[in-house]
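The following note is meant to be read beside the model. Please keep the sequence and the structure in view while going through the points.

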Amino acid sequence: MKRILVFSDTHGNTNLCRNIIDRIPCDMIIHAGDYVSDAQELKKLYPDKDILYVKGNCDTFSYAPTHEITELDGVRIFVAHGHEQRVKYEYDYATMVRAAQEHNCSVAVFGHTHIEYAEESDGVYLLNPGSAKYGSTYGVIEIEDGAPSICFIEER
């Protein structure tokens with residue numbers, strides 16, 4: 001089994017991320033934007049970890065990409081902050097689903113809303129880990145035998 005830890009909307013506070021990374025073994029870490037500098041800090045703190053990140057709407061001056069595609073154990077994952085995919089305006093996340101499908105991805109990771117979400121829609125697993133800073137939530141993607149499972153977790 002492979003495990004990916006997913007964070008978003010850290011907004012200058014990586015305390016939750018560091019706490020989770022120190023406790024939970026993982027094969028990859030995804031940061032879905034708002035603040036790229038936090039993801040870069042995590043890369044420095046955990047140089048042995050594979051960390052993928054994209055820029056969010058608050059990362060105006062960053063050269064980070066607006067979206068990325070990664071693959072782990074045959075599962076393709078589309079990662080974007082979500083502001084360009086209208087996640088605050090579409091209750092069904094149709095634009096996000098289409099973006100993932102256009103890139104042959106079965107999982108789409110996004111943030112932006114600060115509201116955690118984990119559901120399947122039209123063959124795409126949608127995961128918003130919520131906000132690490134404002135909600136103390138994060139996401140987990142587990143891949144076993146080429147099949148993904150997704151969830152979000154609230155730390156107390």
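1. Phe7 and Tyr138 are both buried, where buried means under 20% relative accessible area, exposed over 50% and partly exposed in between, with a 1.4 Å probe and protein chains only. The model is a predicted one, in which local features need pLDDT of at least 70 and side-chain atom pairs count only at pLDDT 80 or more, while totals for chains, interfaces and linings use all residues. Residues are numbered from 1 along each chain as its sequence is written, and side-chain values use heavy atoms, with hydrogens and water left out.

2. How many aromatic pairs does the structure hold? There are three; rings of Phe, Tyr and Trp (its six-membered ring) pair if their centres lie within 6.5 Å, and planes under 30 degrees apart count as stacked, over 60 as edge-to-face and the rest as tilted. Phe7 and Tyr138 form a tilted pair, 6.1 Å centre to centre with 35 degrees between the planes. This pair links distant parts of the chain, since Phe7 lies in strand β1 (residues 2-7) and Tyr138 in strand β9 (residues 137-144), 131 residues apart.

3. Tyr93 and Phe110 form another tilted pair, with 5.0 Å between the centres and 50 degrees between the planes. Tyr93 sits in the loop between β5 (75-80) and α3 (94-102), whereas Phe110 sits in the loop between β6 (107-109) and β7 (117-121), 17 residues apart. Both Tyr93 and Phe110 are buried. Together with Tyr117, Tyr93 and Phe110 form one aromatic cluster.

4. The protein contains three helices and 10 strands. Helices (H or I, at least four residues) and strands (E, at least two) are DSSP runs, numbered from the N terminus. Along the sequence, the pattern is β-α-β-α-β-β-β-α-β-β-β-β-β.

5. Of the 156 residues, 51% count as buried. Among contacts (heavy atoms within 4.5 Å) between residues at least 6 apart in sequence, 53% join residues at least 24 apart.
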